[in-house]
Amino acid sequence: MIDLQRILKADRPLTLGGVATGFLPWLMADLARAAKVRAVYVAPDELAMRQLADNARYFAPELEILTLPSWDCLPYDRASPALRPSSDRLAALHALQQPKKEPQLLVTTINAITQRTLTPFRIRQLVARLAPGVRIDRDKLATLLQSNGYVRTDTVADAGEYAIRGALVDLFP
């Protein structure tokens, strides 16, 4: 069995295989905490990705865990990707551009890493921080929401919709 210190002191990326499934969340959380760079786990499918991310949060609540899901449709399909996987992908890609403040564990799938992504510049264009006290121009906000796949409606009823009535902006994230 390979010594954990030897793994952590490796001077090049390593691939670990043959780890028991129930042990993976603990191992990945431990490796992410100990590593000087982020740890990446490539799961075989979405279910395994979600399970590992959820269980790793239990073992390491202080750890920043990013999930990069795949789209829920095929390339050149008539249907566009759903808003949820698209926003999860954008959030993960944006978080990967930020300077690390704490250890990170990126959990993704084979399908997700083989799909094309936006350029870092385009990701920065599509992201804005909205929080109490933060000011943003209403027209700029409307353009940003449209660019991110939100639909403008008269009355907001579903996720992914927004409405602008005078100075009031109604948004269903």
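Let me begin with T153, which sits in the loop between β4 and β5. Leaving aside its neighbours within four places in sequence, T153 is in contact with E161, Y162 and A163, where contact means heavy atoms within 4.5 Å. A polar atom of the T153 side chain also lies 3.1 Å from the backbone oxygen of T155.

Before going on, a word on the source. This is a predicted model, in which local features need pLDDT of at least 70 and side-chain atom pairs count only at pLDDT 80 or more, while totals for chains, interfaces and linings use all residues. Residues are numbered from 1 along each chain as its sequence is written, and side-chain values use heavy atoms, with hydrogens and water left out.

The element names come from DSSP runs, numbered from the N terminus: helices are H or I with at least four residues, and strands are E with at least two.

One of the contacts of T153 is Y162, so let me turn to that residue, because buried is defined as under 20% relative accessible area, exposed as over 50%, and partly exposed as in between, with a 1.4 Å probe and protein chains only. Y162 is in strand β5. Is Y162 buried or exposed? It is buried, with a relative accessible area of 1%. Leaving aside neighbours within four places in sequence, the contacts of Y162 include A142, L145, Q146, Y150 and V151. With the side chain of Q146, the side chain of Y162 makes a polar contact of 2.9 Å. A142 is 20 residues from Y162 in sequence, and their C-alpha atoms are 8.5 Å apart.

Three strands form an open sheet in the order β4-β5-β6, with mixed pairing. Two strands pair if DSSP finds at least two bridges between them. The edge strands are β4 (151-152) and β6, each of which pairs on one side only. β5 and β6 run antiparallel and are joined by 5 bridges. Y162 stands opposite L171 in β6, and A163 has D170 as its bridge partner there. The hairpin of β5 and β6 has 2 residues between the strands, and G166 in it takes a positive phi near 65°.

Next is helix α7, which lies across β4, β5 and β6 and runs at about 160° to β5. For such angles, axes are lines fitted to C-alpha atoms, for helices over the stretch in contact, and the angles run from 0 to 180 degrees between N-to-C directions. At the start of α7, a side-chain oxygen of D137 reaches to within 3.2 Å of the backbone nitrogen of D139. After the helix comes G149, with a positive phi near 90°.

There is a second open sheet, of 3 strands in the order β1-β3-β2, and its pairing is parallel. β1 (39-43) and β2 stand at the edges with a single partner strand each, so one side of each is left without a neighbour in the sheet. Neighbouring strands here are turned by 20° against each other on average, direction ignored. β1 and β3 pair over 5 bridges, and V42 has T108 in β3 as its bridge partner. Helix α3 packs on this sheet, touching β1, β2 and β3, and its direction makes about 160° with that of β3. Helix α2 (residues 24-34) lies across β1 and β3, at about 155° to β1.

Last, helix α4, residues 83-97. Its 15 residues should span 21 Å at 1.5 Å a residue, and the end C-alpha atoms are 21 Å apart, which agrees; the expected span is 1.5 Å times one less than the number of residues. Among the buried residues of α4 are P85, L90 and L93. The buried residues of α4 pack against elements including α3 (46-59), β2 (64-68) and β3 (104-109).

Key: Polar contact = N/O pair within 3.5 Å; in protein donor to acceptor, adjacent residues only side chain to side chain.
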